[in-house]
Amino acid sequence: MPCIYGSELGGEPSPESWHGGFNCTYNVGGPGFRASSIFNNSDVKMDIYNKEELKNSSNVMGVIRGSVEPDRYVIYGNHRDSWVHGAIDPSSGTAVMLEITRVLGKMVKEGKWRPRRSIIFGSWGAEEFGLIGSAEYTEEYYTKLFERSVAYINVDISVFGRYAFHCISQFLLQNFVGHLTGAGSDYAAFIHFLGITSMDISYTYDRSKTKARIYPAYHTAYDTFDYASKFIDPGFTSHQTVARTAGNVLLRLADSLLLPFNCSDYAESLEQYLQVALDNFQEELSKHGQKVGHTFSFNVCCWAFFTIMFMSLYICHTCLKSFSLSFNRPYKIRRINDQLMLLDRAFLDPMAFPDKYAYRHVIWASRSSGLATFPGLADAFEGAKNSGLKQDWSKAHKHLSIVAQAIAGAASTLEEVI
Ligand SMILES: [Zn+2]
């Protein structure tokens, strides 16, 4: 709601989490305008025209077949539909994708190069209507993608501004970047539903200087080529940086003998999550544990974490040792790569979030709590604290078990296979 109406409305100030980027009071509840408002006694008329129609929407796919491991996929995607002209969202990302496909396509056609693993490009349809194209794709090819995908790279809005390069990912790809959260773009189905290691790349504005969630013309009729070339990225140099970086990450994922995943980064990040959970939940959970008949404790969680830490170091060591054996031990390389590829899959628990459709990743599910820790545990703890109900404390304890089990299960996938 525009600022002027928000602060002129009657009623009480809204909760903090409802506030937008404008520096004004956002009132709710009314009715009508404040008694002292210049708009008092005036009416606001809103005309809304919606019609229900069936429309077709397509995903446009491109494939480069891998030369050595064609049944391992590195997926790169971006949506193609937009609210009005969509020069930045999504065309800044589409421009980057098309440039990468042009360059790689040329190398393949000239016979100069072919990737070790297959590369799949997806230009998704109907993202703005609820991530439909990418979600349908992951549902239709569920088993193939689940079994064979190495990683998913998303470049939607490639340039928000020209201040800093911004890259978010899951822990395994952290050596490239920071963390990926929420369900803001087409990576959602790949992470939350399929447990495929994902990342999102862009160039952005200085987030310390503004509360703005996004660039000013987002989802408006002003998001045009003229606007993009004059105000967002004159000279298109930031687009070029994103294309070079995304292309580089894509090539490393598709061509490296050993997948460039770092599981000790995963372990370190889990340790931070665990520490936040211990600091914030341990005392109260054990206090309520006895009352609701749960004796399961954080010790199990800590034990599970140390196993994964140990295993991640073990697998790093094995990888290094294997390197010299690489060409005459192809099955060994494949086995280690599969262990790395499936690590994120091991954190999927289809029973963990019965109220959240298609959310199954225990570490990455959305959370309402602001704490950087296990989302299900944080939300269940918050719920129990607010209600004080016995069944809610039980739920919080259940989420502690879910986390411990997921970590222990993931650690076991990194162990020597038999
Ligand atoms: Zn978009």
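These numbered points go through a predicted model of the protein, from its overall make-up to some local details.

1. Overall make-up. The protein has 418 residues, of which 39% are buried, and its secondary structure comes to twelve helices and nine strands.

2. Confidence. The pLDDT averages 85 over the protein, and 89% of the residues reach a score of at least 70.

3. The nonpolar core. The largest nonpolar core holds 92 residues, and those with the most contacts inside it are Val74, Ile153, Ala246, Leu250, Ile308, Leu377 and Ile407. The element that gives the most to this core is helix H12, spanning residues 390-414, with ten residues. At least three residues of the core come from each of domain 2 (60-255) and domain 3 (263-414).

4. Helix H12. This helix has 25 residues and reaches 37 Å from its first C-alpha to its last, which is close to the 36 Å expected at 1.5 Å a residue. Its buried residues include Trp393, His397, His399, Leu400, Val403 and Leu414; Ile407, one of the residues with the most contacts inside the core, is also buried in H12.

5. Strand E6, residues 149-154, is mostly covered, with six of its six residues buried. On one pairing, E4 and E6 run parallel and are joined by five bridges, with tyrosine 76 standing opposite isoleucine 153 in E6. In another pairing, E6 and E9 also run parallel, joined by three bridges, and here tyrosine 152 stands opposite serine 198 in E9.

6. Valine 74. Once residues up to four places away in sequence are set aside, valine 74 touches Arg117, Ile119, Val150, Ala151, Leu250, Leu253 and Ala254. One of these partners, Leu250, is listed along with Val74 among the residues with the most contacts inside the largest core.

7. Most residues other than glycine have a negative phi, and most peptide bonds are trans, so the following places deserve a look. The peptide bond from aspartate 89 to proline 90 is cis, with omega near 15°, and proline 90 lies in the loop between strand E4 (69-79) and helix H2 (91-109). Histidine 219 has a positive phi of about 60° without being a glycine, and its place is in the loop between strand E9 (198-204) and helix H6 (225-232). Alanine 358, likewise not a glycine, has a positive phi near 70° and lies in the loop between helix H10 (330-341) and helix H11 (375-387).

8. Histidine 219 counts as partly exposed because 14 other C-beta atoms lie within 10 Å, a number between the limits of 12 or fewer for exposed and 20 or more for buried. Alanine 358 is partly exposed as well, because it has 16 C-beta neighbours inside 10 Å.

9. Serine 7. This residue lies in helix H1, residues 3-8, and is partly exposed because it has 17 C-beta neighbours inside 10 Å. Apart from neighbours within four places in sequence, serine 7 is in contact with Cys24, Thr25 and Asn27. Between serine 7 and valine 28, which are 21 residues apart in sequence, the C-alpha to C-alpha distance is 9.1 Å.

Terms used: Residues numbered from 1 in each chain as written. Predicted model: local features only at pLDDT ≥ 70, side-chain atom pairs only at ≥ 80, totals over all residues. Core = buried A, V, L, I, M, F, W, Y, C linked by C-beta atoms within 7 Å. Helix = DSSP H or I, 4+ residues; strand = E, 2+ residues; numbered from the N terminus. Domains from an automatic or database assignment. Contact = placed C-beta atoms within 7 Å. pLDDT = per-residue confidence, 0-100. Expected span 1.5 Å × (residues − 1). Pairing = 2+ DSSP bridges.
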